[in-house]
2 protein chains.
Amino acid sequence: MIVSLTHLDTPAALIDVPRMQRNIQRMQQRMDNLGVRLRPHIKTSKCLPTVRAQIDAGAQGVTVSTLKEAEHCFAAGIRDIFYAVAMAPGKLPQALALLREGCQLSILTDSLAGAQAIVDFGQQHDTNFDVWVEIDCDGHRSGLKEDDKALVQIARLLTRGGSSLCGVMTHAGSSYELDNQPALQALAEQERRVCVSAAQRIREAGLVCPQVSIGSTPTALSAQNLDGVTEVRAGVYVFFDLVMHNVGVCRRDELALSVLTTIIGHQPDKGWIITDAGWMAMSRDRGTQRQHRDYGYGQVCTEHGDWLEDLRFGAANQEHGIITLQNPASLDIVVRFPVGSRLRILPNHACATGAQFPHYHACEATGEVHIWSRLHGW
Amino acid sequence: MIVSLTHLDTPAALIDVPRMQRNIQRMQQRMDNLGVRLRPHIKTSKCLPTVRAQIDAGAQGVTVSTLKEAEHCFAAGIRDIFYAVAMAPGKLPQALALLREGCQLSILTDSLAGAQAIVDFGQQHDTNFDVWVEIDCDGHRSGLKEDDKALVQIARLLTRGGSSLCGVMTHAGSSYELDNQPALQALAEQERRVCVSAAQRIREAGLVCPQVSIGSTPTALSAQNLDGVTEVRAGVYVFFDLVMHNVGVCRRDELALSVLTTIIGHQPDKGWIITDAGWMAMSRDRGTQRQHRDYGYGQVCTEHGDWLEDLRFGAANQEHGIITLQNPASLDIVVRFPVGSRLRILPNHACATGAQFPHYHACEATGEVHIWSRLHGW
């Protein structure tokens, strides 16, 4: 479906398709040069045309954050799917259904209890699950330390229990807290080294551990070598956002997602512009709050995307954005930003802002705008 | 559709229906006693069975935050609908379409430019819009001060231009920042006094101003008299949440919305429990952060809803919740909270958490669980 941007109802989530394509090319070329396969994490877009663009550019398989994403991708013909959240035993029937339909689904665990549940369920249903073991490379969330005794125990339990051990995986999520290349390169090397070392421990125990999967957008864009790694997972690079801009891994002209909004009022005495993009449109994500530049609820731009440095999006209610002009005495705010005119907001966090919308409006270089639906919920 | 809570996939948004019904009764009886009509704001639930329960209890008409909500309610047979966000001129065709189908839609403005756009569009399309004028009673967002010259000018512009002036409305949104009854009662009286005074100014100018509409959940539950007020709008009272609990207008046993989640792992050394409810399920709303008790991403409870005071939901990634046991040395976290077992989380902000889900699971006193769909997007 093609719509006109001029008559688009607001708030609307816009994808700048040429920027998205360049972002996809940039990451794919980097992974090609480093000699690893790219398995993009689709939790950012949750949108098939975006995923297809990634596969067309050379990505092999996808990473998902929910089984609903897996079902959606498989229904669209994508077979190689890695569900990269530790498997809840209660979700095993849903995974089994996908396997029985022919999906090449792989799943994840980081505990003996989780592995035992997978093995037991697999044996009860005469099914071999393909299973990854999660490694903790930076202490930020889940996974086993590389030297945890349970690592080899889990690998052995899975293998003896009839599951196939795909390999080990890790995610250096703490990379979002960095903001300079030396630190990013060091963390990328740590992510690689720890995960390769975990695979080595399993191999030294006499078990097969074919793959080593790592990844986060900042480390993927900073790694100097990926020796021993077989694949990289990364997600937010497809759109980038202000958090990534603060981390230092993307330029302004690589920010591919924005929210179009209409000005609905003012409080001239306070220098306030009121818009129809509140937190329901932007999400409550304030990811830049603790970074070196706090963008409030997003960077305000003109309708055409030029940054308005004297505006700050400092507060949001459900369907109201409150944008403050830094020096309201300098001009007549009501004249410069009249009711009915429009602004464009760059989000802090593309994954969170995208999730607020049932569909994106994908803006092509030709001026055509297509509606791309996206997944919601579980 | 009836499902079993025991086999429910997680994360899931649960409504405790008996609590919701009691919350609806409580607010309705209060408004009945104060002699005003209740026009609930459906932006919290965005869910027809909830709205029907409000109407069955005595509510008259609804308040909406988007025209999509208006269309959804009108399609379900609700005619009297107030779209309580200042009208963007670009949305007037959508409002006109509703009017032409027989919807008794009323709209809002707080500026001469906005009023002029409504009048011009109405004249071009031979339509009279029913219009409210927004008053600012506490400086927190939109609206005209009661003594702003533009108030009577807008009322006159609308009336002469062929629109019907419904009256004046205000919303004391700053009530969310309070936490004691004297302050809430004072703000409720301020909300009433300012809005009645604005109506009086319009009447003194020789214009008709039939209605005075005020409301926020905290002030609605604190007002001592509503002389001069004709209707109250309130939203979040239908479910309540931790922000409202901190404000002091609801008890623990009135919190009707929760998120069911499954434990998927641990970091025993840190006392961490990892769950499948991250910020995608809870939302990024940290509304209790600046209140007297900060609940992190929500209050952790047992699967059956008992508060677990020694757990803190301090961090969230997209599909991972990180819950910390205050004194991890005191017991074996893996034994007490095994992988696959479930917890229930009370959200900071019901409007934001609900929006993350395509449907609620409505839990009746009988144990039956119904799926209630909710609106997403614009």
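In the predicted model, a salt bridge joins the side chains of K91(A) and D276(B), with an N to O distance of 2.9 Å. Between chain A and chain B, six salt bridges are counted. The count of residue pairs in polar contact between these two chains is 27, with both residues at pLDDT 80 or more.

Of the area that chain A buries against chain B, 18% is supplied by R141(A), H376(A) and W378(A), more than by any other three residues.

Within chain A, domain 1 spans 35–238 and domain 2 spans 252–373. Their centres, taken over C-alpha atoms, lie 35 Å apart. Eleven residues of domain 1 and eight residues of domain 2 take part in the contact between them. The area buried between these domains is about 720 Å², with 60% from carbon and sulfur atoms. T44(A), C47(A) and P49(A) provide 41% of what domain 1 buries against domain 2, more than any other three residues. Zero salt bridges are counted between the two domains, and one residue pair is in polar contact across their interface, both residues being at pLDDT 80 or more. The side of domain 1 that touches domain 2 consists of five nonpolar, three polar and three charged residues.

Key. Residues numbered from 1 in each chain as written. Chains lettered and ligands numbered in written order. Predicted model: local features only at pLDDT ≥ 70, side-chain atom pairs only at ≥ 80, totals over all residues. Heavy atoms only, no water. Domains from an automatic or database assignment. Contact = heavy atoms within 4.5 Å. Buried area = accessible area lost by both parts, 1.4 Å probe. Salt bridge = Lys/Arg side-chain N within 4 Å of Asp/Glu carboxyl O. Polar contact = N/O pair within 3.5 Å; in protein donor to acceptor, adjacent residues only side chain to side chain. Nonpolar A, V, L, I, M, F, W, Y, C, P; charged D, E, K, R; others polar.
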